[in-house]
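Hi everyone, thanks for making time.

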Amino acid sequence: MFEAIASALDLLCPRVCFRCQRTPEESAALCRRCLAGQPAPEPPAIPNLDACAAGAGYTGEVEAWVRAFKYPPATLLPDPAPEAMLGALLDRAARSLPEPALVVPVPLHPRRLRSRGFNPAGLLARQMAKRMEVPFDPVALVRLRDTPSQTGLDARARRRNVARAFRWVRAGTTPKRVWLVDDVVTTGATLGAAARALHAAGVREVFGVCAAATERRG
Ligand SMILES: [Zn+2]
């Protein structure tokens with residue numbers, strides 16, 4: 001039923017690339033040409049992670065999409081483009097990794113979540129898990145400490161800042177392989193600390209999946 005409505009909508013307003021508005025594509029938010037214009041960086045090596053994949057470099061346009069997605073203007077009709085384009089980058093990163101038993105976003109501390117209203121990593125992870133038809137749990141991992149922003153800290157200070165900040169609280173069987181999703185990876189200190197909590201709970205393999213990665217990884 002929903003599929004019928006979706007295909008009817010596709011006929012009425014055929015999907016086009018969110019970036020160039022021209023090239024028709026079957027279902028992707030970014031056409032092949034626009035994706036090719038955003039080269040995927042070399043994945044960073046992060047302690048406690050089996051691998052980390054990022055969909056694009058955190059520069060220029062991609063940086064603007066992240067900012068527009070994380071700090072949307074207070075309008076009645078929010079622009080769906082930034083989230084959709086970051087989703088396309090996340091999908092590209094995910095395609096290089098082995099299929100997970102569970103997808104988990106890097107959580108915000110409850111206080112931070114209340115003030116922001118949403119967890120950007122959580123939204124991206126939820127949509128990706130839906131597209132890939134893999135299980136998703138936004139509350140399996142919790143943030144115990146409201147750590148200060150990582151901005152402006154060097155790699156060692158970042159690691160200290162997030163050490164022991166996370167805990168696995170999902171009941172039942174521990175999944176063997178988890179994808180840990182974040183919007184942007186910089187030094188990987190946050191992903192590494194979160195992955196450590198997953199391993200402590202018995203998760204065997206942890207893969208980081210990010211829409212973008214910065215070049216400065218300190
Ligand atoms: Zn395009």
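Predicted model: local features only at pLDDT ≥ 70, side-chain atom pairs only at ≥ 80, totals over all residues.

I'll go from the overall layout to the metal site, then the sheet, and finish with a few single residues.

Okay, the layout. We have eight helices and six strands in the chain. If you read along the sequence, the pattern goes α-α-β-α-α-β-α-α-β-α-β-β-α-β. The chain has 218 residues, and 46% of them count as buried. If you take the contacts between residues at least 6 apart in sequence, 73% join residues at least 24 apart.

Now to the metal. Which residues coordinate the zinc ion? It's four cysteines, each through its SG atom: Cys17, Cys20, Cys31 and Cys34, at 2.3 to 2.4 Å. In sequence, those donor residues are spaced C-x2-C-x10-C-x2-C. Let me pick one pair from that set. Cys20 sits in the loop between helix 1, residues 2-12, and helix 2, residues 32-36, while Cys34 is in helix 2 itself. The two are 14 residues apart, so this pair links distant parts of the chain.

And the geometry? The site is tetrahedral, with angles of 104 to 113 degrees among the four donor atoms.

How buried are these cysteines? Cys17 has 0% relative accessibility, so it counts as buried. Cys34 comes in at 5%, which is buried too. Cys20 is at 15%, and since the cut-off for buried is under 20%, Cys20 still makes it.

A disulfide is a covalent bond between the sulfur atoms of two cysteines.

Four strands form an open sheet, in the order 1-6-5-2, and the pairing is parallel. At the edges you find strand 1, residues 51-57, and strand 2, residues 102-105. Each of those has a single partner strand, so one side of each is left without a neighbour in the sheet. The twist averages 20 degrees from one strand to the next.

Let's zoom in on strand 1. It runs parallel to strand 6, residues 205-213, and six bridges join the two. For a couple of landmarks across that pairing, Cys52 stands opposite Gly208, and Ala53 stands opposite Val209. Here's a bit I like: strand 1 is an edge strand, and yet six of its seven residues are buried, so it is largely enclosed by the rest of the structure.

What lies across strand 1? Helix 8 does, residues 189-200, and that helix also lies across strand 5, residues 177-185, and strand 6. Relative to strand 5, helix 8 runs at about 165 degrees.

That brings me to Val162, which is in helix 7, residues 155-162. Is Val162 buried or exposed? Buried, because its relative accessibility is 0%. Setting aside neighbours within four places in sequence, Val162 is in contact with Arg143, Arg145, Thr147, Gln150, Ala189, Thr190 and Ala193. While you're there, look across to Pro148: it is 14 residues from Val162 along the chain, and their C-alpha atoms are separated by 8.9 Å.

Asn48 has a positive phi of about 75 degrees, although it is not a glycine. You'll find Asn48 in the loop between helix 2 and strand 1. Its relative accessibility is 35%, so Asn48 counts as partly exposed.

The other one is Glu133, again not a glycine, with a positive phi near 55 degrees. Glu133 is in the loop between helix 6, residues 120-132, and strand 3, residues 141-143. With a relative accessible area of 72%, Glu133 is exposed.

So, what to take away?

Notes:
Residues numbered from 1 in each chain as written. Heavy atoms only, no water. Buried < 20%, exposed > 50% of the residue type's maximum accessible area, 1.4 Å probe, protein only. Pairing = 2+ DSSP bridges. Axes fitted to C-alpha atoms, helices over the stretch in contact; angles between N-to-C directions. Contact = heavy atoms within 4.5 Å. Donors = N, O, S within 2.8 Å, 3.2 Å for Na, K, Ca; no water. Tetrahedral: all angles 85-135°; square planar, octahedral: opposite > 155°, others 65-115°.
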